[in-house]
Amino acid sequence: MAHLQIIQGDITKIPADAVVNAANTQLSGGGGVDEAIHQVAGMEALNQACAQLHGCATGQAKVTPAFNLPAKIIIHTPGPIWQGGQHHEAQLLAACYNNSLRQASAHHCHKVLFPSISTGVYGYPLALAAPIAIKTIQAFPATMEVQMVCFDQITYQAYLSALRDLS
Ligand code: ADP
């Protein structure tokens, strides 16, 4: 079972084997955590690597090198855009976490960092997203050390509270 820790911080500053990026389906770079990751990894190198992947479907996950990030790989996963909850958002969000962990496992990564996928620009309600993230990570069979890296206090509190409710 994957071991999960919830922390507050900047995902680009924490050493790990794999950093998960909340990407878009074009893998074209955006705002939020995607932009922060591109800036630290190196815009040009990461854009070039992403362009070779020809996009990624929502809920799937694709890998690039991490370039100047303190990690071996970046796992890019486009989260679902919140459309009210009746458009498979929950299954797609769970798929993001599950497929990212599969990629991490396939690349022999032991320590993996996640941002709060879809709860920024994509509008997924935090209180609904947090338990899905936690349950999916905790259900992952491979032994792995996972850190949920919450950027702001509200996100951090939402994940802590979801973890309390689930235990
Ligand atoms: P999405 O489009 O999937 O909603 P966003 O990047 O807009 O992705 O937001 C996802 C989460 O990432 C938000 O909680 C946002 O505050 C957070 N975030 C932004 N920058 C960073 C960072 N440097 N480290 C960790 N999380 C970050």
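**Note on the predicted model: cores and sheet**

1. In the largest nonpolar core, which has 34 residues, Y97, V112, F114, I137, M148 and Y159 touch the most other members. Such a core is a set of buried Ala, Val, Leu, Ile, Met, Phe, Trp, Tyr and Cys residues joined through side-chain atoms within 4.5 Å, buried meaning under 20% relative accessible area (1.4 Å probe, protein chains only). Among the elements that each supply at least two residues are α3 (89–106) and α5 (153–166); α4 gives the most, with seven residues.

2. The model is predicted: local features need pLDDT of at least 70, side-chain atom pairs count only at pLDDT 80 or more, and totals for chains, interfaces and linings use all residues. Residues are numbered from 1 along each chain as its sequence is written, and side-chain values use heavy atoms, without hydrogens and water.

3. Y97 is in contact (heavy atoms within 4.5 Å) with residues including F114, I137, M148 and Y159, leaving aside those up to four places away in sequence. A16, L69, I74 and L113 are included in a second, separate core of 19 residues.

4. Six strands make an open sheet of mixed pairing, ordered β1-β6-β5-β2-β4-β3. Strands are DSSP runs of E, at least two residues, and helices runs of H or I, at least four, numbered from the N terminus; pairing requires at least two DSSP bridges. The edge strands are β1 (3–8) and β3 (62–65).

5. Strands β5 (residues 111–114) and β6 (residues 145–150) run parallel and are joined by four bridges; K111 has E145 as its bridge partner in β6.

Methods:
Buried means under 20% relative accessible area, exposed over 50%, partly exposed in between (1.4 Å probe, protein chains only).
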